[in-house]
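Hi everyone, thanks for having me.

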Amino acid sequence: MNEDYLWNKKGNDAEIENLENLLSQFRYQETSAPKILPEKVSEIEKTPKRRFFTFSFAFAFASCIAFVLVLLGVWFQILNKTPETIADLSNPITPETKIILPNETEKIIATEDFSKTSETPKFIKAKSLEQKNTPQKTIFIKKKGEKPKAETLELTKEEKFAYDQLMLALSITSSKLKMVKEKVALNETPEILIRK
Amino acid sequence: MKSYKKHLVKVILFAFLAVSAVAVNAQTARLQFENLNYLEGKASEIVEVNIDGKLLDLAKRVLVKVKDQDAKKVGEAIKGLEGIYVRVYKFENTGEYNPSDIEQIRSQLKSPGWSQLANVRSKKNNQKVDVFTMFSGDNMSGLAVVVSEDKSVAVVNVIGPIDIDLLAEMSGKLNIPEIDIEKEEKP
């Protein structure tokens, strides 16, 4: 190869001249139009777009629903624990309470004066009220005239009422349990089926 | 697409488990007495007690104030009590209430969680007594006593732990007198 011809165009080099003739069509010309691309273009494989946005929306929506359901369950539990008002606290139950029933004349249940002590226990009987169609509400009735210890304490009306209600409930519960216990212990008749 | 569906299934499963957990936790020992409300118009004697929440706390505080050993025992027996509900109806004549209403209450005691402690049947007055308890693990969470006779119905529902034996012993003692309603005979 003649390097002078390659760099300076001096002299002759058949090989380089041959290459120049072959590549002359690609020689840059300022006025020439840009080359036209071939019609067929190879298709590039499209990568599937991650539907991230759609998935995240669904996830958030489902999570919100689950959270709302949990909150509802907690709320219902709180509602169930709401205390019920039992009666008018301004009229608590005391041994001297007047029992006034609708559509009935006012009658006073016989009460025991607990301030008087006696050797033999006194019994308090509830005088039956006139039997009409209206139902009666029975209240705390003591059989043995023992003064409740709570009465020796200074209690507010609400405390006294709450205590009386609790004692009434416990007394009924204990009497029923005692009855069951006695029946189980005695095994009174063959008709009684006892399962434990 | 497949991974998206997998994630969605996991989320739905999680939501379902959360709802189930809430539902299971919501199971309480509270019985429903509403179907007995009509007996108020038929019974000759009614006792209705509902004590829970702040009223019960107030009553417990009073028990603490009482300086007596037995009262303290009672206080200990009901220390964990959350509520106590009582309905007692007494009738003048036989057949004044519908036994199916009482059976409806008994059917509530057949639901999971309740276990029968005692079952007493007597031909005398057609008496049926059922005692059920509910436990959460090792701790008692509820007690139910249903007593039905020809002329009376009594339902007791206790929520929370309670010492049954102690309570039965305390009947008639100290501040828990026996209930006995006597009527004067009409002339």
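Okay, let's start with B:Asp165. It has a relative accessible area of 47%, so it counts as partly exposed. Before I go on, please keep in mind that this is a predicted model.

Who is the partner of B:Asp165 in a salt bridge? That's A:Lys181, and the closest N and O atoms of the two are 3.9 Å apart. Now look at where they sit: B:Asp165 belongs to helix α5 of chain B, residues 164-170, while A:Lys181 belongs to helix α4 of chain A, residues 157-186, so this pair joins two chains. A:Lys181 is partly exposed too, at a relative accessible area of 40%. If you're new to this, the background is simple: side chains of opposite charge can pair when their charged atoms come close.

Over all chains, a search of the whole structure turns up nine salt bridges. Another one of them is in chain A, where the side chains of A:Lys9 and A:Glu20 meet at 3.2 Å, N to O. Those two are 11 residues apart: A:Lys9 is in the loop between α1 (3-8) and α2 (14-23) of chain A, and A:Glu20 is in helix α2 of chain A. Is A:Lys9 buried or exposed? Exposed, because its relative accessibility is 53%, and the cut-off for that word is over 50%. A:Glu20 comes out at 27%, so we call it partly exposed.

Now for a pair with a different setting. B:Arg106 and B:Asp130 form a salt bridge with their closest N and O atoms 2.5 Å apart. B:Arg106 is in helix α4 of chain B and B:Asp130 is in strand β4 of chain B, so the pair ties together parts that are 24 residues apart in sequence. Both B:Arg106 and B:Asp130 are buried.

Next, the strands. In β2 of chain B, residues 83-90, seven of the eight residues are buried, so this strand is largely enclosed by the rest of the structure. Strand β1 of chain B, residues 45-52, pairs with β2(B) in the antiparallel sense over eight bridges, and there B:Glu45 stands opposite B:Lys90. β2(B) and β6(B) also run antiparallel, joined by eight bridges, with B:Ile84 opposite B:Val158.

Let me zoom out to finish. Chain B has five helices and six strands, and along the sequence they go α-β-α-α-β-α-β-β-β-β-α. Of its 187 residues, 47% count as buried. Among the contacts in chain B with a separation of 6 or more, 62% come from residues 24 or more positions apart. Finally, chain B exposes about 9,700 Å², and carbon and sulfur atoms supply 54% of that.

Key
Residues are numbered from 1 along each chain as its sequence is written. Chains are lettered from A and ligands numbered from 1 in the order in which they are written. This is a predicted model: local features need pLDDT of at least 70, side-chain atom pairs count only at pLDDT 80 or more; totals for chains, interfaces and linings use all residues. Side-chain values use heavy atoms; hydrogens and water are left out. Helices (H or I, at least four residues) and strands (E, at least two) are DSSP runs, numbered from the N terminus. Buried means under 20% relative accessible area, exposed over 50%, partly exposed in between (1.4 Å probe, protein chains only). Contact means heavy atoms within 4.5 Å. Accessible areas come from the Shrake-Rupley method with a 1.4 Å probe; for residues, only the protein chains shown count as cover. Two strands pair if DSSP finds at least two bridges between them. A salt bridge is a side-chain nitrogen of Lys or Arg within 4 Å of a carboxyl oxygen of Asp or Glu.
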